[in-house]
Amino acid sequence: MQCTESYQFTQPAKVVYTAKQKKMSGEFSVIRTQDPKQLDIFAMSVVSDNKKAGCSGQVSDYSKAQIRLSLKWISAKTAELCTDLEGKQCLGLYLIKQK
C-alpha cells in the first residue's frame, strides 16, 4: 500500500501537512547548524490536527506537538528527513525546494 505525505510551505513560516485523511497545520523553521558533523533540523510546531488517520492507518492527535527531524541534504534543493542527528535513520521522505 502506497501513501503520499505532502507538506505545503507558505510564508511566513507556515506549513500544512496532509496524508490520506490526516491534515495538520502549524509553524515551521529550519535550524542551521555550524557543526559539520551534525545535520540541520526541520522543526514543526503543530497548531491544529483534524485527528484523523494518516499513512499509519491509526488515528492520532498531534495538536500542540513539537516535531523535530534532521535534514540530510542530498543537493542544494533536496533533503531527506531523518530521525537521528547523524543521518543514518532516514525515513525515505524528501523535502524539495521548488524555487
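A: Let us start from one residue and its neighbours. Ala19 touches Thr4, Glu5, Ala53, Gly54 and Cys55, leaving aside residues up to four places away in sequence. Please keep in mind throughout that this is a predicted model.

Q: Where in the fold is Ala19 found, and is Ala19 buried or exposed?

A: Burial is judged from relative accessible area, and a residue counts as buried under 20%. Ala19 has a value of 1%, so Ala19 is buried. Ala19 belongs to strand E2, which covers residues 14-19.

Q: Which residues does Thr78 touch, and how is its accessibility to be read?

A: Not counting residues up to four places away in sequence, Thr78 touches Lys72, Trp73, Tyr94, Leu95 and Ile96. Thr78 is found in strand E6, residues 78-82. Its relative accessibility is 19%, and because the limit for burial is under 20%, Thr78 counts as buried.

Q: How many helices and strands does the protein chain have, and what is their order?

A: The protein chain holds zero helices and seven strands. Along the sequence the pattern reads β-β-β-β-β-β-β. The radius of gyration is 14 Å, close to the 13 Å that the globule rule gives for 99 residues, so the chain is as compact as a globular protein of that length. Taken along the principal axes, the C-alpha atoms fill a box of roughly 40 × 35 × 25 Å.

Q: What share of the residues counts as buried, and what share of the contacts joins residues at least 24 apart?

A: Of the 99 residues, 29% count as buried. Among contacts between residues at least 6 apart in sequence, 34% join residues at least 24 apart.

Q: How many aromatic pairs does the structure hold, and why is the pair of Phe9 and Phe28 called edge-to-face?

A: The structure holds six aromatic pairs. Two quantities describe such a pair: the distance between ring centres and the angle between ring planes. For Phe9 and Phe28 the centres are 4.7 Å apart and the planes stand at 70 degrees, so the pair is edge-to-face. The pair links distant parts of the chain, with Phe9 in strand E1 (residues 5-10) and Phe28 in strand E3 (residues 22-31), 19 residues apart. Phe9 counts as partly exposed at 34% relative accessibility, whereas Phe28, at 19%, counts as buried. Ring pairs also link Tyr7, Phe9, Tyr17, Phe28 and Phe42 into a cluster.

Q: What is the volume of the largest pocket, and which residues are the closest to its centre?

A: The largest pocket has about 540 Å³ of space. It is lined by 20 residues, of which Phe9, Leu95, Ile96, Lys97 and Gln98 are the closest to its centre. The elements giving two or more residues to this lining are E1, E3, strand E5 (66-73) and strand E7 (90-96).

Q: How is the second largest pocket lined?

A: The second largest pocket has a volume of about 390 Å³. Of its 17 lining residues, Glu5, Tyr17, Met24, Tyr62 and Ile67 are the closest to its centre. Its lining divides into eleven nonpolar, four polar and two charged residues.

How values were computed: Residues are numbered from 1 along each chain as its sequence is written. This is a predicted model: local features need pLDDT of at least 70, side-chain atom pairs count only at pLDDT 80 or more; totals for chains, interfaces and linings use all residues. Side-chain values use heavy atoms; hydrogens and water are left out. Rings of Phe, Tyr and Trp (its six-membered ring) pair if their centres lie within 6.5 Å; planes under 30 degrees apart count as stacked, over 60 as edge-to-face and the rest as tilted. Helices (H or I, at least four residues) and strands (E, at least two) are DSSP runs, numbered from the N terminus. Buried means under 20% relative accessible area, exposed over 50%, partly exposed in between (1.4 Å probe, protein chains only). On a 1 Å grid over the protein atoms alone, a cavity is a set of points where a 1.4 Å probe fits but cannot get out, and a pocket is an open set with protein on both sides within 12 Å along at least five of seven lines; lining residues have an atom within 4 Å of a point. Grid points are joined across faces, edges and corners, and a volume is the space filled by probe spheres set on the points. Ala, Val, Leu, Ile, Met, Phe, Trp, Tyr, Cys and Pro count as nonpolar, Asp, Glu, Lys and Arg as charged, and the others, Gly among them, as polar. Contact means heavy atoms within 4.5 Å. The radius of gyration is taken over C-alpha atoms; the globule rule is 2.2 Å times the number of residues to the power 0.38.
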